[in-house]
Amino acid sequence: MMITLSLLLLTGTPALGPIPVPSALVQPLDISEAVQTTIAEFDKTYQAWVTKIQAANPEERKALFEVRPTADDAVKELFALVGTEPASDGALAGLAWIMRAPSPPENAEQALGLLAKHHVDSEDLADIVMRAGGTSETVITALTTIAEKSPHRKVKGCATLSLGKALMGDPVHGKRGEALLEKAAKEYGDIKIHGGRSTIGKVATGQLFESRRLQIGMTVPDIEGEDIDGVEFKLSDYRGKVIMIDFWGDW
Amino acid sequence: MYPHERSLVSEYASRPFAIIGINSDKDRDTIKERIVEESITWRSFWNGGSTSGPISTAWNVRGWPTLYLIDHEGVIRHKGLRGEALEEALKELVPQAEAALKTGDR
């Protein structure tokens, strides 16, 4: 009944033309637009470079790869903008972009730190944390915070998986990485990632398998399956020979 | 990739060396045609028609091609070798396999 009433009231309002925005509503400063402009400007530069690459011959291409545009300036601008309103949606968009921008990894680490501090409640962190890499203190602390404090199960799972992947194989933190991957597989295994093409469980299990069974010096695990014609065979049928295992596709 | 693989196959023909592929193409009939066109003589596991198939998923493969080199005893000796480095590794490993065959030490 309430809804109907308010709808009636709304539709009953006479047209007033453009409504002036009271200046109080513009505050606090909305940085979204400035963030989008900075990103769009860099994308334009980058796209121009990509177009040149596509048109270039192999020699020119080599030279062009030497002058790949870096996002360093754009990143600097974005950090300055984010600094004015770190908890805003504009800051979230800017920091997410920095995480995948062509610029030194320290920038992505700093961005991740700020995301963990100011945006730990955001559902968007699920995809963002998957881009994290490295084993710096900043990354470890940020991913640990997100895994613990996020209210979203998917974000928690992705942060756990991402940290596990980063730490697995690290001489100092390897054991912790392994434990995190096991946790990711057990508690978050069903969660779909990579646009639905995989799950946290599959990725975590694959990572553990690679680390435990597929290192140089280990006996290769057997593969049983069928060939392209549907005939069953095993990798171990070829024991005694040197085998080059080639994961390939005709593309 | 194919020309290099073909040359390895002919270089090591009748010696203890094999390429085993894990093919992640989508369509079986199309790849069968390509195998004929490209004279691909080595055998491949079928990865279920996807790069997210069971074998590549279990092996945590994230890039294509991904290569592993296994010695005659089944030990993983190299990962991701290409070109000359791959040929150097084979020059070392294949004679080891042959020596083992001779002494019957398998």
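Modeller: Let's start with a word we will need: a strand is a DSSP run of type E with at least two residues, and strands are numbered from the N terminus. In this predicted model, B:Asn23 is placed in strand β1 of chain B.

Colleague: Thanks! Why is B:Asn23 called buried?

Modeller: Its relative accessibility is 0%. The word applies under 20%, so B:Asn23 counts as buried. Beyond four places in sequence, B:Asn23 is in contact with residues of chain A, including A:Ile228, A:Trp248 and A:Gly249, and with residues of chain B, among them B:Ile31 and B:Trp46.

Colleague: What makes the link between the side chains of B:Ser24 and B:Asn47 a polar contact?

Modeller: The distance is 2.9 Å. A polar contact needs a pair of N or O atoms within 3.5 Å, one able to donate a hydrogen and the other to accept it, so the side chains of B:Ser24 and B:Asn47 are joined by one.

Colleague: Now for a helix: why does B:Leu90 count as buried?

Modeller: B:Leu90 lies in helix α4 (residues 83-103) of chain B. B:Leu90 touches A:Val242, B:Leu8, B:Tyr12, B:Phe17, B:Leu69 and B:Pro95, not counting residues up to four places away.

Colleague: What makes A:Lys52 exposed?

Modeller: A:Lys52 belongs to helix α3 (residues 32-55) of chain A. It has a relative accessible area of 53%. Exposed means over 50%, so A:Lys52 is exposed. The C-alpha atoms of A:Lys52 and A:Leu64, 12 residues apart along the chain, are 8.1 Å from each other.

Colleague: Then why is A:Phe209 called partly exposed?

Modeller: A:Phe209, in helix α12 of chain A, has 23% relative accessibility. Buried would need under 20% and exposed over 50%, so A:Phe209 counts as partly exposed. Outside four places in sequence, A:Phe209 is in contact with A:Leu214, A:Pro221, B:Ala58 and B:Trp59.

Colleague: Which residues lie nearest the centre of the largest pocket?

Modeller: They are A:His194, A:Ser198, A:Val203, B:Val61 and B:Arg62, out of a lining of 14 residues. Two elements give two or more residues to that lining: α12 (200-213) of chain A and α3 (54-58) of chain B. The volume of the largest pocket is about 340 Å³.

Colleague: Lastly, what pLDDT does chain B average?

Modeller: Chain B averages 91, and 97% of the residues score at least 70. For the complex, the predictor gives an ipTM of 0.95 and a pTM of 0.76.

Note on methods
Residues numbered from 1 in each chain as written. Chains lettered and ligands numbered in written order. Predicted model: local features only at pLDDT ≥ 70, side-chain atom pairs only at ≥ 80, totals over all residues. Heavy atoms only, no water. pLDDT = per-residue confidence, 0-100. 1 Å grid on protein atoms, 1.4 Å probe; cavity = no way out; pocket = protein on both sides within 12 Å on 5 of 7 lines; lining within 4 Å. Points joined across faces, edges and corners; volume = space filled by probe spheres on them. Helix = DSSP H or I, 4+ residues; strand = E, 2+ residues; numbered from the N terminus. Buried < 20%, exposed > 50% of the residue type's maximum accessible area, 1.4 Å probe, protein only. Contact = heavy atoms within 4.5 Å.
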